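Happy to have you here! Let's walk through this fold together with a few questions and answers.

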Amino acid sequence: MHFDRRTLIHTAGGLVLLAGLSRQALFAATIEGDPFTLGIASGDPWPDGFVLWTRLAPKPLQRGGGMPMQAVAVAWEVAEDERFARVAQKGEAFARPELGHSVHVEVAGLKPGRAYWYRFRVGGATSPVGTVRTAPAAGSPVDRLRIGLAGCQHWEGGYYTAYRYLAQEPDLDAVFHYGDYIYEHWAQRVCPKIDGKPNCVREHIGDELYSLDDYRRRYAQYKSDPDLQAAHRACAFLSTFDDHEVDNNWVGLTDEQNTPPEVFALRRFAAMQAWYEHMPVRAAQFPRFQDMLAYRRLDYGGLLRVHLLDTRTYRSDQVCDDGKRKPCTPAEHNGPQVLGTTQEKWLSDGLGNSARWNLIAQQILIMPFDRRKADETAPNLATDTWDGYRPARARLIDTIRDHRLSNVIIASGDYHKHFAGTVPVHEDALDGEMAAVEFLGTSISTNGDGGPIAELDTIKRNNPHVALYADQRGYQLFDITAKRWRTDVKGLDTIARRDGKLSTLASFAVTPDRAALHRA
């Protein structure tokens, strides 16, 4: 996706501070302590560059992060080697109090398809060093890509051990983070109970989030985790958001508490500003009051096109009062919009390409999934998945078929389980023709350790298109070549302690000529 200068300024609401066009006098601020307590990150690689991010916060849990309420100059460097003997680019960015002293640098003019190292400096402090790869040149042949799939990282649910392992994966090009980077609720709201009392592995600071300062502090708490910081240093993140960055199960201007829309809009805007302040995303994703331009497209040469979607901002309200009204028959699961008409057309236009693979990277389960138990006769469908929006899912499938694509992979999250399966062309023919392959990543920490799934045989019997359904924390790893897409599903034995052991639960292979799964 290309943005010229006028588009960037318009997207950022005309705020020239983003592009550094207003060189107002900067104060020589004295920063006491390490300003890089929240780490560094990179994101959204293009063939000639990427986004670099940090946020200055020597006292991260204090209001203002312990920073003086002044704009501060931050130096950055990008090098071709880890020791910074060959500096490719360097410059200065402004950390401004209006944006929580966050820094977003859009580096350009680099070589395609190669690794770079980066760091920040302010005062006498130097950040840790991160590494990031530029995307291959447009249309160029690419031998191999490796992309991680991760998200749903409830602080209280357990440790981020999965990120420590993910950071150690060799040759990572990127991680698609499908959202729920933070959770907005008060301490101990959803912790498991022992003797009637909440038993969290670790605990949120503060109450339910409503103000910008609330959200900033919660991000600061989450970003203090060393394993999460290591994952960000290891490669670029392709960042999106789901519901808990704002409020559980929100869609459009509707929240879980039925707050008046004009009031909820204020909370959503504060949450989206905080999301922008803490994610390595471009100026095009700068928050706007009406909506967020979060959906975007990334190309990796001629091998892969990534379509990053937003399944919250433009979605219709969930049916059957978020599934609380029962019975709620499959016929009532008729929510008309998940993406909205503009994003649907944008996706359709982008699927008309010659890439070897198309990755639809989004937040919620697309394939049908019947959750009924052994003693139930009627289908039991969720409302906060594409099962609640069957007309929208049918249109998505029609779009894939209209383009005659057999190379569509869908990456999803939110469900806190590992899934591997296929999306049927007709939802009443679950073992018939398939439109796409879907991999849904489990959570990093949400829902605790997990374990055996009750009535797994019943689930398998009612969902023949689902090849894997597992309740362990972890991540997935996509190993992509022109001839084969391999997915390794990774799971931990525990996240209640920091010494959890990682194993490969299953591996699957897909070829671009057919939407079908094979055990690898």
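Q: Among contacts in the protein with a separation of 6 or more, what share comes from residues 24 or more positions apart?
A: Keep in mind that this is a predicted model. Counting the contacts with a separation of 6 or more, residues 24 or more positions apart account for 70%.

Q: How many helices and strands does the protein have?
A: Both kinds of element are present in this predicted model. The count comes to 8 helices and 24 strands.

Q: What part of the residues in the protein is buried?
A: A residue is buried when its relative accessible area is under 20%. The protein exposes about 20500 Å², with carbon and sulfur atoms supplying 50% of that area. Of the 520 residues, the buried ones make up 58%.

Q: Is Pro-327 buried or exposed?
A: Pro-327 sits in the loop between β15 (304–308) and α6 (340–351). Its relative accessible area is 64%, and the cut-off for exposed is over 50%. Pro-327 therefore counts as exposed.

Q: Where do the centres of the positive and negative side chains lie, in terms of how far apart they are?
A: The protein has 62 positive and 66 negative side chains. The distance between the centres of these two sets is 5 Å.

Methods. Residues numbered from 1 in each chain as written. Predicted model: local features only at pLDDT ≥ 70, side-chain atom pairs only at ≥ 80, totals over all residues. Heavy atoms only, no water. Helix = DSSP H or I, 4+ residues; strand = E, 2+ residues; numbered from the N terminus. Buried < 20%, exposed > 50% of the residue type's maximum accessible area, 1.4 Å probe, protein only. Contact = heavy atoms within 4.5 Å. Areas by Shrake-Rupley, 256 points an atom, 1.4 Å probe, with all protein chains shown as cover. Lys, Arg positive; Asp, Glu negative; His and termini not counted. Charge placed at Lys NZ, Arg CZ, Asp CG, Glu CD.
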